[in-house]
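Q: I am new to this structure. Please take one part and walk me through it closely.
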Amino acid sequence: MNSIDQLVCQAINPFDPATFKPGNFWYEQPDLELEVDSIHQDAVDQASEMVTQVVADHQTRTLLLMGDSGSGKSYLLGRIKRQLNDQASFVYIDPFPDSQAIWRHILRYTVDGLIQAPIVSGEAASTKAKSKSKSRKKPQSQLLRWLKQLAVLDSKDVGKWGKIKRQRVIQKLKDAYPTGIYNPSEFFGALYDLLDPSRYTTACEWLRGDDIDQESLETLQVKEAIVTEDAAQKILANFGRIAADTQPIILCFDQLDNIARNAEGQIDLQSLFGVNSTIHNQGLKNFLVIISIITSTWRQQSQLIQTADRARIDQTVSLRRISLDQAEALWAYRLAPLHAEADPAPESAIAPFSRRALDRKFPGGKTHPRNVLELGRRQFQAVKTGVADKLGLDGTGVPSEAKTPSTGTQSSGPMLAQSKEDRVAAFRLLWRKELAQTQERITRLRQLAAPDLILMLQEMLEVIKIEDVRSRLIPSQTYTSHSLSYKARPTDNLPSHARIGVVWNDDPNMTTFYHVMNACWRVTSIGLCHTLYLIRSSHTGKRGRKSNALFNEIFDGKPHQRIRVDLLSVQYLATYHRLVNAAHGQELMVAGAIIGLEGLESLMRKARIPRNCRLLQDLGLVWGRERRSHSASEDASSQEDEPNPVRLSKELEPIKEFLLDLIKTHRILGVSTLIDTAAMEFPQVPPDQWQKLVTDLCKGKQVKLLDPKAKLDAQLIAFSD
């Protein structure tokens, strides 16, 4: 029998910030059966009504979603998507880094969103059961589902579109849409190619505006890539045009406090609302634009937006604070998995918490969801320590004389007393979760555009305190946002005024590469920087081409160099960027505290995250614990089959660090819970090795088994201050 008190001691805290930090709704999948439907239901209803209106008359509309920090705006976007995804196609658009390329940014994220596979209403309840079936078909992306609903194609065509001659399908689509389609032959041809697995990826790359190479262009039978703002806007309009026969497209703009800045240093909301007006004024049909923004940001910045652009907002929804009944339901939602295992069944849906805690904390009877979750986190931790002291779990198994009831009060026991929380340990756990999500989302080096990558690199340079970082180094109007420069450090043994330049270009298009190389030549010839780094993993062209000749002339290592970036480095940059977005939006919580940008940078340094980014190592800015050349790594692996004790010790470091961070953050855990959680994080560790790792951890005297004589399933482990 496992009482609710025992389960609380053993469990991961379900109210930990890592479990409720908002973000891109395609990568946050909560249990729909446990959602609190009443929270912000009016906002969901208004969004649903607007979708219905767009379906009826095909006219684009705009919804402004406002709420305080912690009110649940980002989570609400995900809920709207989950409930309405059978009626519309949803797109989550990250903050744009460059106002001059905003249409290309929107197009890229639109296509990225459309290729996601949704779980629509009616399917969600049976998802778990279906996932166990080996015969279950792979979920179909929004884009393919959307295309197959085109009314112009009869049912026979839909089932065998990829087998019908390409030109026949293109002509049929052109006949159905004789006007209003930009570059129809190439656009419809790319849609056709989406149905061919061998050309699907290339077609997606072209539609999203990647600067693909000549061979790929010829494969798709298109003349050029979509590399201008005008072309990107018109391709987006194409999607809207044929959406009348399929489903409307919902564009969700979120976390706007980290978008590009204008000349005055303010976030450039004018560019975003200018785009919104253009969507309306130029007749881009079948879109619902949802703009999510912090109420205080809107009040401060709205007057900087032109009156005509503000007038293009069709509906404004302000998120209200929730009632304590809803807060109690939110607690029940988080505690439900533990209640399902408890025996005897708890008397209350929020046991071992009490309603009195909510009444005391929020005497006005209203609050925001984040405040409720944070109070739940603290209550859960207090219950853990209270129960452990009540049972006398001090490492001897002998009950203590002082009994502390498990009512959410803090323990006064000497070993398990509540102490200052280890924010660095909690942050490392959050980082791991965010990195894992990024690795699911970003699987290719060229998935992100160069301006996004340069911004992300700039953010990381600020973490490691690189001075005077400036964007836009190379003198090319088209490609200047692909570059930055920074002041050389004293340890670089360069003149005090020397600057280091970085250009990021991984586009396979050789014409583009030539223009970038030409711009790099100008930078080096007029001495804009002492050392110029080119970040590029793609090939540099055939010998004899001007682009290849320029590359070899410039980047010979004396002193200018080429760096081949690895995928993990890109994932590191993207993960940190997501946290920066959350910090700007006052949505990042670590160990009970809202973390701003300076606090985030400090945590990154204290957690030593940058040292494991290979790109920063190759730039000579950090020294990682596993830095070595590619050739050295290959030589080592070829020389020996037996594990090297030194290397094995280094491989165990992050595993032991994770175990210790987990115990530090949760204070008390079931040993089996600790092992199961770590095994999911490090599946390469053999199952029979975990108990030895836990034993070794206890020898360090930072952690201690509270009941060593109990069976494994009942053992508890705690952090010892």
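Where is Asp468 found?

A: Asp468 is found in the loop between helix 20 (450–463) and strand 8. Helices here are DSSP runs of H or I with at least four residues, strands are runs of E with at least two, and both are numbered from the N terminus.

First, some ground rules. This is a predicted model: local features need pLDDT of at least 70, side-chain atom pairs count only at pLDDT 80 or more, and totals for chains, interfaces and linings use all residues. Residues are numbered from 1 along each chain as its sequence is written, and side-chain values use heavy atoms, leaving out hydrogens and water.

Back to Asp468. Its phi is positive, about 50°, although Asp468 is not a glycine. At 36% relative accessibility, Asp468 counts as partly exposed. That term covers the range between buried (under 20% relative accessible area) and exposed (over 50%), with a 1.4 Å probe and protein chains only.

Next comes the sheet that strand 8 belongs to. Five strands form an open sheet in the order 8-9-10-11-12, and the pairing is mixed. Strand 8 (470–471) and strand 12 (561–563) are the edges. Each has a single partner strand, so one side of each is left without a neighbour in the sheet. Two strands pair if DSSP finds at least two bridges between them. Strands of a sheet pair through backbone hydrogen bonds, either parallel or antiparallel.

Now go strand by strand. Strand 8 and strand 9 pair in the antiparallel sense over two bridges. Ser471 has Leu484 of strand 9 as its bridge partner. Strand 9 covers residues 483–487, and four of its five residues are buried, so strand 9 is largely enclosed by the rest of the structure. Strand 9 and strand 10 run antiparallel and are joined by five bridges. Here Ser483 has Val503 of strand 10 as its bridge partner.

Leu534 has Arg562 of strand 12 as its bridge partner.

Helix 21 (residues 510–525) lies across strand 10 (499–504) and strand 11. Contact means heavy atoms within 4.5 Å. Helix 21 runs at about 165° to strand 11. Such angles run from 0 to 180 degrees between N-to-C directions, with axes fitted to C-alpha atoms, for helices over the stretch in contact.
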